[in-house]
Amino acid sequence: MEFLNDMALFVEVVKARSFSRAAESLGMPNSTLSRRISELEKGIGLRLLHRTTRKIEPTEAGQLYFERCKRIVDEARLAHEQLGEMLAQPNGVLRASLPVDFAMVYLAPLIAEFSRLYPDITFELDLTPRQVDLISDPVDVVIRMGEPANSHLIARKLANMRRAFYASPQYLERAGLPAQPADLAHHECLRMRGSRAHRWVLESGSEKVDVDVSGRFELNSVGMLRRLAALNLGIALLPEGIAEQDVVSGTLCRVLPDWHGSSVSVYALTETRLLPAKTQRFIEFLRDKLEDA
């Protein structure tokens with residue numbers, strides 16, 4: 001069953017987009033790896049890779065073969081890992097991509113607690129709002145706020161975060177205090193980029209109201225929204241936990257306290273359902289801790 005080993009080698013080459021990088025990670029000579037992939041192509045009867053001097057790209061057939069092979073290789077690897085981990089503490093390097101502001105406010109204390117529970121796990125944390133490619137990037141799990149954009153990923157909901165409306169006392173003194181949801185249409189509204197950036201949904205009990213809003217600032221960072229609101233530039237729709245410290249210090253005030261914005265969901269995204277123990281425990285821990293947030 002030599003071709004099963006060659007399938008695993010092929011997966012590593014496609015992930016690395018390079019024979020030399022794949023050979024280095026596999027600990028084998030570049031020439032041996034190249035020969036094994038060529039023999040695999042001959043056995044299949046199709047070219048799987050476009051080879052150039054700069055990088056390696058899968059052909060159409062190669063991409064299809066890669067997607068099938070990766071699942072098989074992952075299942076085989078996890079079969080070995082899960083048997084070994086059945087009686088052991090989760091261990092190894094946990095690589096997670098986290099949204100900056102959510103990580104600083106909500107996740108930092110939880111990660112600290114998780115690290116104390118599992119001392120054999122080490123952490124590589126990438127704080128970024130960018131989309132992460134779970135196939136080519138070395139990431140085990142991605143935590144993101146909002147509905148997942150990639151339907152090919154496995155999404156596990158961790159929490160629903162309630163949002164409310166906030167502005168600085170100085171802004172409200174200058175622009176006036178909104179008395180009802182419709183008043184937001186006459187204010188500078190600091191908005192997150194997205195398909196609903198110009199329409200906010202307000203809820204109070206069973207009542208729901210849509211309001212068209214506008215303003216000079218539209219961005220993709222919750223932390224920057226919070227900061228601009230504190231700098232007297234308008235009204236922001238923020239998760240309650242992220243605004244809490246500013247409310248306590250008096251930097252921000254709750255606006256329309258009888259109303260709140262639509263909740264934003266938090267998801268853990270993975271490339272597969274077959275997860276090593278370190279990743280599975282991390283996701284389960286966050287879900288248990290965040291579900292009442």
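Lys and Arg count as positive here and Asp and Glu as negative, while His and the chain ends are not counted. Each charge is placed at NZ of Lys, CZ of Arg, CG of Asp or CD of Glu. On that basis the chain has 37 positive and 39 negative side chains, and the centres of the two sets lie 4 Å apart.

A word on where this comes from: the model is predicted, so local features need pLDDT of at least 70 and side-chain atom pairs count only at pLDDT 80 or more, while totals for chains, interfaces and linings use all residues. Residues are numbered from 1 along each chain as its sequence is written, and side-chain values use heavy atoms, with hydrogens and water left out.

**Overall build**

You'll find nine helices and 13 strands in the chain; these are DSSP runs numbered from the N terminus, with helices (H or I) of at least four residues and strands (E) of at least two. The radius of gyration is 24 Å, well over the 19 Å that the globule rule gives for 293 residues, so the chain is more spread out than a compact globule. That radius is taken over C-alpha atoms, and the rule is 2.2 Å times the number of residues to the power 0.38. Along its principal axes, the C-alpha trace spans about 75 × 45 × 35 Å.

Of the 293 residues, 42% are buried, where buried means under 20% relative accessible area, exposed over 50%, and partly exposed in between (1.4 Å probe, protein chains only).

**Cores**

A nonpolar core is a set of buried Ala, Val, Leu, Ile, Met, Phe, Trp, Tyr and Cys residues joined through side-chain atoms within 4.5 Å.

| Core | Size | Residues include |
|---|---|---|
| Largest | 40 residues | Leu107, Ile143, Leu286, Leu290 |
| Second, separate | 19 residues | Val14, Ala22, Met28, Leu40 |

Leaving out residues up to four places away in sequence, Leu290 touches Phe102, Tyr106, Leu107, Leu110, Leu158 and Ala159; contact means heavy atoms within 4.5 Å.

**Two spots to look at**

His260 sits in strand S13 (residues 260-270) and counts as buried at 13% relative accessibility. Neighbours within four places in sequence aside, His260 is in contact with residues including Arg162, Phe165, Glu203 and Arg254.

Gly194 is in the loop between strand S7 (189-192) and strand S8 (199-204), and is partly exposed at 47% relative accessible area. The C-alpha atoms of Gly194 and Thr270 are separated by 23 Å.
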